[in-house]
Amino acid sequence: MPAVWSERERKGLNMEGIILLGLHRYVCEVLGEPVWQKIQALPGLSSRIYLPLQRYPEYELQNLVRLIANETHLPASRLLEDFGEHFMPEMIRMYGPMIDSNWKLMDLVDNLVMVFQRIGRVKKSALELQTIMSGSRLS
């Protein structure tokens, strides 16, 4: 898959930005910032910034993993496994209250989208409340 995304490919926004941001952090912290800089220098990626609450096409993760694997000569499967080991403790610390304590690791992975949807609803509600409160103070 090319580094530049086609318009058709851009439409399926299924990947949470927090995961892509986590991959960025993993690469810089574990594999070295020069690896990420080389990936970012590729056409179509130089201005790419991942925001935690933004959604992105799912294939971006797959494409980034492929590019990182090529750059580091690590198998993509090993890269994803290392990334998961690095990323999941941070996710559990951040979103622990929204995670069912009975879930096993694969349950957590399967339910991440639901956790992110809960987070989005909570943040949206907080922003709406803040807007209402700001408006009531002005009246």
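**Ground rules.** I am reading a predicted model, where local features need pLDDT of at least 70, side-chain atom pairs count only at pLDDT 80 or more, and totals for chains, interfaces and linings use all residues. Residues are numbered from 1 along each chain as its sequence is written, and side-chain values use heavy atoms, with hydrogens and water left out.

**Whole protein.** I found five helices and two strands. I took helices (H or I, at least four residues) and strands (E, at least two) as DSSP runs, numbered from the N terminus. Read from the N terminus, the order is α-β-α-β-α-α-α. I then looked up burial: 32% of the 139 residues are buried. Buried means under 20% relative accessible area, exposed over 50%, and partly exposed in between (1.4 Å probe, protein chains only). I also checked contacts, meaning heavy atoms within 4.5 Å. Among those between residues at least 6 apart in sequence, 71% join residues at least 24 apart.

**Helix α2.** I looked at residues 17–40, which form α2. How far does α2 span between its end C-alpha atoms? It spans only 16 Å, while a straight helix of 24 residues would span 34 Å. The expected span is 1.5 Å times one less than the number of residues. I traced a bend of about 130° to Leu-31, with Pro-34 following within four residues. The bend is the angle between axes fitted to the seven residues ending at a residue and the seven starting there.

**Helix α3.** I went on to α3, whose 14 residues reach 20 Å from first C-alpha to last, close to the expected 20 Å. Its buried residues include Leu-61, Leu-64, Val-65 and Ile-68. After α3 comes His-73, with a positive phi near 65°.

**Glu-60.** I stopped at Glu-60, which is in α3 (residues 59–72). Is Glu-60 buried or exposed? Glu-60 counts as buried because its relative accessibility is 0%. Its side chain makes a polar contact of 2.8 Å with that of Tyr-50. Such a contact is a pair of N or O atoms within 3.5 Å; within protein, one must be able to donate a hydrogen and the other to accept it, and residues adjacent in sequence count only if both atoms are side-chain atoms.

**Ala-76.** My last stop was Ala-76, in helix α4 (residues 76–95). Ala-76 has a relative accessible area of 33%, so it is partly exposed. Leaving out residues up to four places away in sequence, Ala-76 touches Val-65 and Ala-69. The C-alpha atoms of Ala-76 and Gln-62 are separated by 9.1 Å.
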